[in-house]
Amino acid sequence: MTTEHIGLGVIGCGTIAELMYLPQTNRRIHGCQVDLVAVSDSVESKAAGAAQRFSARRYYVDYRDLLADPEVDAVVIATNIASHAELALAAARAGKHMLVQKPLAETLDEADEIIAEAERMGVKLQVEPAHMLNPFCKRAREVIASGALGEVCLVQGKASHGGAEDRPWLFQRAGGGSVMLDLAVHALTWLVSLAGPARRVTAFSRTSVPTRKINGESLEVDIEDNVTLLLDFEAGALGTVVANYVTVADLTPNVSVYGTEGTMHINAPQAPFMLFSRQASYLGQRGWLAPTAEGGHQDRLLSPPRELGSREVPPHSSMGHFIECLVEDQDPVPGGAVARHVLEIMVRASEVESSGQAQRLDTSFGPL
Ligand SMILES: NC(=O)c1ccc[n+]([C@@H]2O[C@H](COP(=O)([O-])OP(=O)(O)OC[C@H]3O[C@@H](n4cnc5c(N)ncnc54)[C@H](O)[C@@H]3O)[C@@H](O)[C@H]2O)c1
């Protein structure tokens, strides 16, 4: 690998790889040529199809062959949740930098082992979701730091939809399905970005829709599809997270922040981002405002961010950030520490049902 050239491998050629990663290869990113050296999928037709559509030099059915490929400098791990830990640990051992889909792993021991191995091998570790790179998240952090909301007392996050109708593994424990790991991770990553690390969690969960139609066939659901978490943050705020596959339509914001001086609603990645501050000095106005990601505000709802052009990688995309960190030798955000803290919240929240008690959290992370 050089700062002018990176050979990339993508493991898992499913929905998210096709949407988010494969279209962003074979181009210059941050002044560096990122070539799609190889793809891998345990289903050969998917690997072969992706290699052909996205001009990968070769494909492998066994991911270990991709990791042994000397032309691969860095990998994207975009497989089902259950395989992330095995693949990330193998990638670290093979000395490959990695961008891993969420969650990093299913257990804290696995996460610890991956983080330690990545450090030992000197490879970069970036973990999705990349909400911290979202301009609206950065702007929200600035708003909080400015004092426009006063003391933050309550943060609320939500990550829900009606359930994917084409991926049965999402609804089955054996396939690694978990609404907590698949969706709560989004809201939690937003909330820890805005309110910092949490110190306690409690939760309730249900399987609200026990039978679903997936790929046109009836499927018995054996995971919870509806969870609510309550959080107590180190810095003093309380929080709620709602994550489910039972929301078929919604108009309420993904993230809300309530402070002693104001309120902020964010509906990322789309608009609106709405802010009410009692502090007349903030942006020179009092009342509800729609801050733009770039600074300033407009008085009406924001238009959605630009669509990602097929040949364009915006600097705040996770792939753009990953490549920038490799070229500039910087630590990716979020890296292992934030991902591990978010994972601990999810693991502990899942333990509440059996213990019946709010769970203390042992992990934390430093300033972002
Ligand atoms: N689809 C979405 O909207 C979405 C959004 C954000 C994040 N994600 C995350 O992305 C990841 C993948 O989700 P998806 O929706 O793309 O799933 P998917 O089922 O569409 O694709 C996963 C692919 O990985 C392959 N695979 C599984 N194990 C493998 C292994 N050991 N080696 C090689 N290939 C393997 C499967 O054959 C499949 O093609 C998950 O972590 C999910 O949480 C998905």
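The legends below describe close-up views of a predicted model.

**View 1**
The domain assignment of the protein gives domain 1 as residues 5-130 + 330-334 and domain 2 as residues 132-305 + 342-353. The centres of domain 1 and domain 2, taken over C-alpha atoms, are 26 Å apart. At the contact, 15 residues of domain 1 meet 15 residues of domain 2. The side of domain 1 that touches domain 2 consists of 11 nonpolar, 2 polar and 2 charged residues.

**View 1. The shell of residues around the ligand.**
There are 22 residues around the ligand, and those that come nearest are Gly 12, Gly 14, Thr 15, Ile 16 and Thr 79. Helix α1, residues 15-21, supplies the largest share of the shell, with 3 residues. Sorted by class, the shell contains 8 nonpolar, 9 polar and 5 charged residues.

**View 2. Helices α4 and α5.**
Helix α4 (residues 84-93) packs on helix α5 (residues 108-121) at an angle of about 15°, and the two axes are 8 Å apart. The angle is under 35 degrees, and α4 and α5 are therefore roughly parallel to each other. The crossing in which α4 passes α5 is left-handed. On the α4 side the contact is made by Ala 85, Ala 88, Leu 89, Ala 92 and Arg 93. The α5 side contributes Glu 110, Glu 113, Ile 114, Glu 117, Ala 118 and Met 121. The contact of α4 with α5 has 7 nonpolar and 4 charged residues, and no polar ones.

**View 3. Helices α5 and α9.**
Between α5 and helix α9 (residues 336-355) the packing angle is about 175°, with the axes 10 Å apart. This angle makes α5 roughly antiparallel to α9. From α5, the residues Leu 108, Ala 111, Ile 115 and Ala 118 take part. They meet Gly 336, Ala 339, Arg 340, Leu 343, Glu 344 and Val 347 in α9. By class, the contact of α5 with α9 divides into 7 nonpolar, 1 polar and 2 charged residues. Ala 118 of α5 is listed both in this contact and in the contact with α4.

**View 4. Helices α7 and α9.**
Helix α7 (residues 179-195) and α9 pack at about 125°, and their axes lie 10 Å apart. The two helices, α7 and α9, are therefore oblique to each other. Their crossing is right-handed. The residues of α7 that make the contact are Met 180, Leu 181, Ala 184, Val 185, Leu 188, Thr 189 and Val 192. Those of α9 are Val 338, His 341, Val 342, Ile 345, Met 346, Ala 349 and Ser 350. The contact of α7 with α9 comprises 11 nonpolar and 3 polar residues, with no charged residues.

Most peptide bonds are trans. The bond from Lys 102 to Pro 103 is cis, with omega near -10°. Pro 103 is placed in the loop between β6 (97-100) and α5. The bond from Glu 128 to Pro 129 is also cis, and its omega is near 0°. Pro 129 belongs to the loop between β7 (125-127) and α6 (135-146).

**View 5. Backbone at Asn 215.**
Most residues other than glycine have a negative phi. Asn 215 is not a glycine, yet its phi is positive, at about 50°. Asn 215 sits in the loop that lies between β10 (211-214) and β11 (217-220).

Note on methods
Residues are numbered from 1 along each chain as its sequence is written. This is a predicted model: local features need pLDDT of at least 70, side-chain atom pairs count only at pLDDT 80 or more; totals for chains, interfaces and linings use all residues. Domain bounds come from an automatic or database domain assignment. Two residues are in contact if their C-beta atoms, placed from the backbone, lie within 7 Å. Ala, Val, Leu, Ile, Met, Phe, Trp, Tyr, Cys and Pro count as nonpolar, Asp, Glu, Lys and Arg as charged, and the others, Gly among them, as polar. A residue is near a molecule or strand if its C-beta atom, placed from the backbone, lies within 6 Å of it. Helices (H or I, at least four residues) and strands (E, at least two) are DSSP runs, numbered from the N terminus. Axes are lines fitted to C-alpha atoms, for helices over the stretch in contact, and angles run from 0 to 180 degrees between N-to-C directions. Angles under 35 degrees count as roughly parallel, over 145 as roughly antiparallel, 65 to 115 as roughly perpendicular and the rest as oblique. A crossing is left-handed if the near helix is turned anticlockwise from the far one by less than a right angle, and right-handed if clockwise.
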